[in-house]
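Here are a few exercises to work through with the model on your screen. Try each task before you read its solution.

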Amino acid sequence: MNANRKSEQLYDGITEIRDDLITLADCEHTQKAVSPIRFFHKKWLISAAACLAVFTAFSITLFTGRQPDTVVSAHAIAEAEYPEMAPYPDPDQLKNEDQYNKAWDAWREDLSDRHKMTGYAAAMDGFLEKSVRHFLSASPGKNTAFSPINMYLALGMLAELTDGNSRAQILKLLDSPDIRTVRNQISELWNANYLNDGASTRILANSVWLNEDIRFVPSTMQTLAQKYYASSYRGKMGSESFQKMFQDWLDTQTGGLLTKQIRQLSMLKDGDILTLASTIYFRGKWQYEFSPDNTKPRTFHADSGDLTCDFMHKDQIGATYFRGTHFSAVSQSMGESGSMWLILPDEGTAVEQLLDDSQAMEFLLSADKWEWNDQKEMLVNLAVPKFDITSQFDLTKELPELGITDVFDPQISDFSPMTKDMDGIVLSGGEHAVRVAADEQGVTAAAYTVMAMSGGGMPMGDTVDFVLDRPFLFVITDAAGLPLFAGTVFQP
């Protein structure tokens, strides 16, 4: 059997479940130990035997180097190679200065190409304004974190699985005129933000988990693979082995930051037709780290009362100080990984008020905060509490409030692009979970979104104290200014 014929049979296997194709799918994937991250090439290397493998996610077998028991009942339709990119040059592994210079030039060129992809950020303005305000306001007075980029990717995949008014409602929330625009937007967003070069870590991954008894529309599955880089897995819904494989995939892609939430996650239940998953994992070191010697306890004025926690300090640092009518802000760079913006409400102004303040939201969501009118170079005495916050959202409650309702009603939902086998399909479960932790070295953050479908001013030289000793907001941005994560800290 030639390679092209194998590809055709594997692809047909998405819609027709046959034992010989299950065997072929297993045999065509070499089980070997690899790093979760591969380096970026200008051209994708796509296996002929895995016609859908043009995306960035893969099963747990590739992490462990052994074939787990779950393969018996959960078979990968297609798996992906991570995009490759020029690695950050390591002088200890290069023989001479000439090699180092060439490696450095290749790394900078590759990074420069990524920084040129900025159009996606402006196109997300409408979605960011609606979603960030909604999710950060969902739990007043509580620590909250949200990943707009993760939610955008998941909703884009959901739009591909729907049609008619079901899709129209999703496109409206995404602030996109049509599905083609969403595809192009996500392609650029992905390639601009996927980053793991040895110096920066920003990993995106998507996957779809298919009921082995349902035939799916091949063209839709192919679009999810090619445009959304989504791996496809097929197995028995309701089986412990398929559920474990799904949880292991999520846990690995989020760096173990959300293990507790993932182990409690109930997806791939008996009767489910398809579950989609999207993840993001972020690690960034401060460009100038906080010294642990300068970490000291001090009082944080929480809404529920004063409490003592560890504050990181930097004194007399040259920084740009931003002012708004009811807030002030500074940023801390993480080099090529992005920046964390710290937004402090003025005395007497609550975080909830800033979320309803158009000027504050404009600043928080702006892709180019450096164009803000009221900014000055100053010496800043910075004090930031160490924090580690986690949020979970039930999307069956949150999405209807954002205008997505038809997918929950079996009488009017339209999932015809996904399967022709049955009607009355609904979005039966969904969760968005986020964790963001900041310490002296930098920031680590992760998020996942899963959805299941079932049947049925002063001059330079002056000094300002910027002490985040009361509830505040933060946003982590990429090189183009897109908010990767946003959150509120009411109690570190």
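The exercises below cover strand pairing and aromatic rings.

This is a predicted model, where local features need pLDDT of at least 70, side-chain atom pairs count only at pLDDT 80 or more, and totals for chains, interfaces and linings use all residues. Residues are numbered from 1 along each chain as its sequence is written, and side-chain values use heavy atoms, with hydrogens and water left out.

**Exercise 1.** Find which strands E13 is joined to by bridges.

Solution. Start with E13 itself, residues 426-438; strands (E, at least two residues) are DSSP runs numbered from the N terminus. Next, look at E12 (residues 387-394): eight bridges join it to E13, and the two run antiparallel. Two strands pair if DSSP finds at least two bridges between them. Here Ser391 has Val434 of E13 as its bridge partner. Then turn to E14 (residues 442-454), joined to E13 by twelve bridges, also antiparallel. Val436 is partnered there with Ala445. Finally, three residues sit between E13 and E14, which form a hairpin.

**Exercise 2.** Work out how the rings of Trp209 and Tyr233 are arranged.

Solution. Rings of Phe, Tyr and Trp (its six-membered ring) pair if their centres lie within 6.5 Å; planes under 30 degrees apart count as stacked, over 60 as edge-to-face and the rest as tilted. The structure holds 21 aromatic pairs. In this one, the centres are 4.4 Å apart and the planes of Trp209 and Tyr233 are at 25°, so the pair is stacked. Trp209 is in E4 (residues 201-211) and Tyr233 in E5 (residues 230-235), so the pair ties together parts 24 residues apart in sequence.

Note on methods. Buried < 20%, exposed > 50% of the residue type's maximum accessible area, 1.4 Å probe, protein only. Helix = DSSP H or I, 4+ residues; strand = E, 2+ residues; numbered from the N terminus.
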